[in-house]
Amino acid sequence: MFPDWVWTFLAFLFAPVLAAILSGYAVNRWKVREDYIEKRFDELCSTILDTADLASDYWSGSAADEGMRLCESKIVASLKRIGGLRVILSQYISRSAHNELAQAESALLRETTGGNFGVHNRQPDPQKILSCQAVASDCVITIRRARMSDLRGFRRRG
Amino acid sequence: MTDLKLSIANDFSRYPAGRTRRDGEFSAQRFREEKLVPALKKAQTIGGRVIVVLDGVYGYSSSFLEETFGGLVRSKLFPAAWLRKALLIEASDPIYTSYKLDAESYLQDELNYAA
């Protein structure tokens, strides 16, 4: 049906076209995976900053103020969400990056819910309002730094 | 060495909160006095250890952990050197890693201060 030279030409093209399709698929898979990881990192940072805002609101009022119990629950739940996101990310980041994240999270936990958190006669604490924001910023910086180190390939994932 | 496991979620409450009894039903003071101290006394008698398991709780506040572990050392019911060996904090679920780090740090700080 076709002349011989067409078959020869198609056979010559087959290998490069197949290689191009397979490498395109692999790059696409890699890109989807990296985008997913990046989104989780963004979500983690955003949750940390939201938690700090909640905590600052909490520490600006006293235990007798309306809505403080609800605020307390939201902060504790938010911290658990941060822990959950860290665990999700742990399979995509290096062990040392994960340890840094856990340390930063522990510092955030201590700052947002330490001291007189949940104490029945707690009074407003202006120092805590500032420190919650500062520790949250440190936490975000630690996360971004750990991510950048991983991307530069200095650390092995898993 | 016999290990006594004390799960906060199973043996106390899944919703622990507050420092003292006045702060709520499932406060750190209540956990310490009604669960942790008796378990440690039993461990002291049999020459064992107490492992406090943090898993399964909806969440902890740092103040609860400080009052539980830091408060235990401050209560001076047990020698600091013995507590260092006999009290362990465990979290098998990685979500609780940061709570474990926080609790261990409070315990170590108070033990170092007491020593």
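Residues are numbered from 1 along each chain as its sequence is written. Because the model is predicted, local features need pLDDT of at least 70 and side-chain atom pairs count only at pLDDT 80 or more.

Chain A comes to four helices and zero strands, where helices (H or I, at least four residues) and strands (E, at least two) are DSSP runs. Along its principal axes, the C-alpha trace of chain A spans about 95 × 30 × 20 Å. The radius of gyration of chain A is 25 Å, whereas a compact globule of 158 residues would have one near 15 Å; this value is taken over C-alpha atoms, and the globule rule is 2.2 Å times the number of residues to the power 0.38. Of the 158 residues in chain A, 39% are buried, that is, under 20% relative accessible area with a 1.4 Å probe.

Turning to the partner, the contact (heavy atoms within 4.5 Å) takes 21 residues from chain A and 24 residues from chain B. About 1900 Å² is buried between the two chains, with carbon and sulfur atoms giving 53%; buried area is the accessible area (1.4 Å probe) lost on being put together, summed over both parts.

One salt bridge is counted between chain A and chain B, meaning a side-chain nitrogen of Lys or Arg within 4 Å of a carboxyl oxygen of Asp or Glu. The side chains of Arg110(A) and Asp102(B) form a salt bridge at 3.1 Å, N to O. On the side of chain A that touches chain B, helix H2 (68-90) and helix H3 (95-113) each give two or more residues, and H2(A) gives the most, with eight.

Definitions and conventions:
Chains lettered and ligands numbered in written order. Heavy atoms only, no water. Buried < 20%, exposed > 50% of the residue type's maximum accessible area, 1.4 Å probe, protein only.
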